[in-house]
Amino acid sequence: QEVVPEGIQISLKLKKLGLIDLPIPCIDIDGTHIGSCDYDGQHLLDFGAEFLCPDYFPEGQACTLPLNPGMYGGEPLTITFGDLPDLIVDLLASGTYEAIAHAYRADGSEMTCIRISAELE
């Protein structure tokens with residue numbers, strides 16, 4: 001078990017699974033990147049803090065880097081989105097998606113790789 005340090009960078013690759021898998025590109029919408037992009041780890045925590053913290057964090061862990069070893073997660077997460085641009089709605093139609101995230105330390109060395117599957121309805 002290892003501390004997730006400040007400065008961690010996340011390289012995310014998303015695809016919609018199907019007869020032919022469809023890669024989801026990195027899209028910039030009004031300065032916000034969505035999709036297969038590179039992200040600053042703290043920025044992702046800040047973005048998701050409203051629905052992640054504190055429910056999916058161990059007791060005593062602040063919703064900030066560094067992240068200490070511990071049990072993160074819990075019940076399946078349901079997120080309801082408000083009005084989204086048509087481009088996003090068209091891109092994220094219902095279906096099964098796969099996300100592969102590589103986490104890189106500030107020195108460029110890879111810390112971990114995570115694979116997640118999600119179902120959008």
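Predicted model: local features only at pLDDT ≥ 70, side-chain atom pairs only at ≥ 80, totals over all residues.
Residues are numbered from 1 along each chain as its sequence is written, and side-chain values use heavy atoms, with hydrogens and water left out.

**Stop 1: Cys26 and Cys37**

Select Cys26 and Cys37 and show their side chains. A disulfide (a pair of cysteine sulfur atoms within 2.5 Å) joins them, with an S to S distance of 2.0 Å. Look along the S-S bond: the torsion there is about 105 degrees, so this disulfide of Cys26 and Cys37 is right-handed. Now colour by secondary structure, where helices (H or I, at least four residues) and strands (E, at least two) are DSSP runs numbered from the N terminus. Cys26 sits in the loop between β2 (22–24) and β3 (27–29), and Cys37 in the loop between β4 (32–34) and β5 (38–40), so the bond ties together parts that are 11 residues apart in sequence.

Cys37 has a relative accessible area of 4%, so Cys37 is buried. Cys26, at 38%, counts as partly exposed.

**Stop 2: Cys53 and Cys63**

Move on to Cys53 and Cys63, which form a disulfide with their sulfur atoms 1.9 Å apart. The torsion about the S-S bond of Cys53 and Cys63 is about 50 degrees, so this disulfide is right-handed. Both cysteines lie in the loop between α1 (41–52) and α2 (86–91), and the bond ties together parts that are 10 residues apart in sequence. Cys63 is partly exposed, at 21% relative accessible area.

The count comes to two disulfides. With bonded cysteines counted along the chain, the pattern is 1-2, 3-4.

The C-alpha atoms of Glu50 and Cys63 are separated by 9.8 Å, and the two residues are 13 apart along the chain. Glu50 is exposed, with a relative accessible area of 78%.

**Stop 3: Phe57 and Tyr72**

Next, select Phe57 and Tyr72. A search of the whole structure finds one aromatic pair. Rings of Phe, Tyr and Trp (its six-membered ring) pair if their centres lie within 6.5 Å; planes under 30 degrees apart count as stacked, over 60 as edge-to-face and the rest as tilted. The ring centres of Phe57 and Tyr72 are 5.2 Å apart and the planes are at 80 degrees, so the pair is edge-to-face. Both residues lie in the loop between α1 and α2, 15 residues apart. Phe57 is buried at 12% relative accessible area, whereas Tyr72 is partly exposed at 30%.

Which residues are in contact (heavy atoms within 4.5 Å) with Phe57, leaving aside its neighbours within four places in sequence? Select Leu45, Leu52, Ala62, Cys63, Leu67, Met71 and Tyr72 to see them.

**Stop 4: the largest nonpolar core**

A nonpolar core is a set of buried Ala, Val, Leu, Ile, Met, Phe, Trp, Tyr and Cys residues joined through side-chain atoms within 4.5 Å. The largest one has 15 residues, of which Ile8, Ile10 and Phe57 touch the most other members. Highlight β1 (9–16) and β6 (95–104), the elements that give two or more residues to this core. The largest share, three residues, comes from β6.

Key. Buried < 20%, exposed > 50% of the residue type's maximum accessible area, 1.4 Å probe, protein only. Contact = heavy atoms within 4.5 Å.
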